[in-house]
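Visitor: I'm new to this one. Could you walk me through how to read it?

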Amino acid sequence: MNIKGVIFDLDGTILDSTWVWKQVDQDFLGKHGFEVPEDYSDAIKAMGFEQVANYTIARFRLPLSAREVMAEWNEMAIQAYSEQVKLKPGTKELLLWLREQGIPAGVATSNTSLLFEPCLRSNGVYDLFHSFTEGNEVDRGKEFPDIYIKEAEKLGCDPSSCAVFEDIIPALKGAGSGGFLTIGVKERSWGYEDEEFGRYCDHILYEISDAISLLKCLQ
């Protein structure tokens, strides 16, 4: 396969950041008198930022607007992303290697640039990405291919020649349905079994640091 573009998810795939959102969920819902339900994380995994806000408002009957909820979340998370969230080992080396090969790297994320841009800049990799697509740029969540198709258009490549790195099953299913090569990156926080995870991706990585070797084999 001649890979002409690579699209990355951020949280859990190349950013060691899943702990931030668990803390935000706990603090935000606790402030409003609720504990985090066991199924909450799974329910929101593939949603965009505003979709999660609307879902949370409806589920807990909060007297808030989506804008107010997102503002609270951003306030809680911005310091962590700016100062504490780090890249997963091997990420910068991977991005530099892609640049050397002339393969553009893009981002498809449910997160917002308010958080991820300072994080990527502080980790010295923001300028290694060709383009970014956020969840609010498309109508449907990551369980559908829309966000990946939009980012592939920005990269200037067809889905059939583009690889997507993701860490959750709904997103891998969404990318796969769009004709992308799917590479699942195991994030221990989600607790997926290998057999289950493997059913929804073309290749599995246990560490993002193994990606260069895999991509060399696929070229």
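**Reading the sheet and the cavity**

Guide: Happy to. Keep in mind that this is a predicted model.

Visitor: Which residue stands opposite Ile204 in β8?

Guide: That's Gly184.

Visitor: And in what order do the six strands of the open sheet come?

Guide: Read across the sheet and you get β5-β4-β1-β6-β7-β8, with parallel pairing. The edge strands pair on one side only, and here they are β5 (131-134) and β8 (203-205). Going from one strand to the next, the twist averages 20 degrees.

Visitor: Which strands does helix α7 touch?

Guide: Helix α7, residues 146-155, packs on the sheet and touches β1 (5-8), β4 (105-109), β5 and β6 (162-166). Compare directions too: α7 makes about 160 degrees with β5.

Visitor: Which residues line the largest cavity?

Guide: Look for Ala46, Met47, Gly48 and Gln51, then Ser110 and Gly135, and also Val138, Arg140, Gly141, Lys142 and Ile147. Sorted by class, that lining has four nonpolar residues, five polar ones and two charged ones.

Definitions and conventions. Residues numbered from 1 in each chain as written. Predicted model: local features only at pLDDT ≥ 70, side-chain atom pairs only at ≥ 80, totals over all residues. Heavy atoms only, no water. Pairing = 2+ DSSP bridges. Helix = DSSP H or I, 4+ residues; strand = E, 2+ residues; numbered from the N terminus. Axes fitted to C-alpha atoms, helices over the stretch in contact; angles between N-to-C directions. Contact = heavy atoms within 4.5 Å. 1 Å grid on protein atoms, 1.4 Å probe; cavity = no way out; pocket = protein on both sides within 12 Å on 5 of 7 lines; lining within 4 Å. Nonpolar A, V, L, I, M, F, W, Y, C, P; charged D, E, K, R; others polar.
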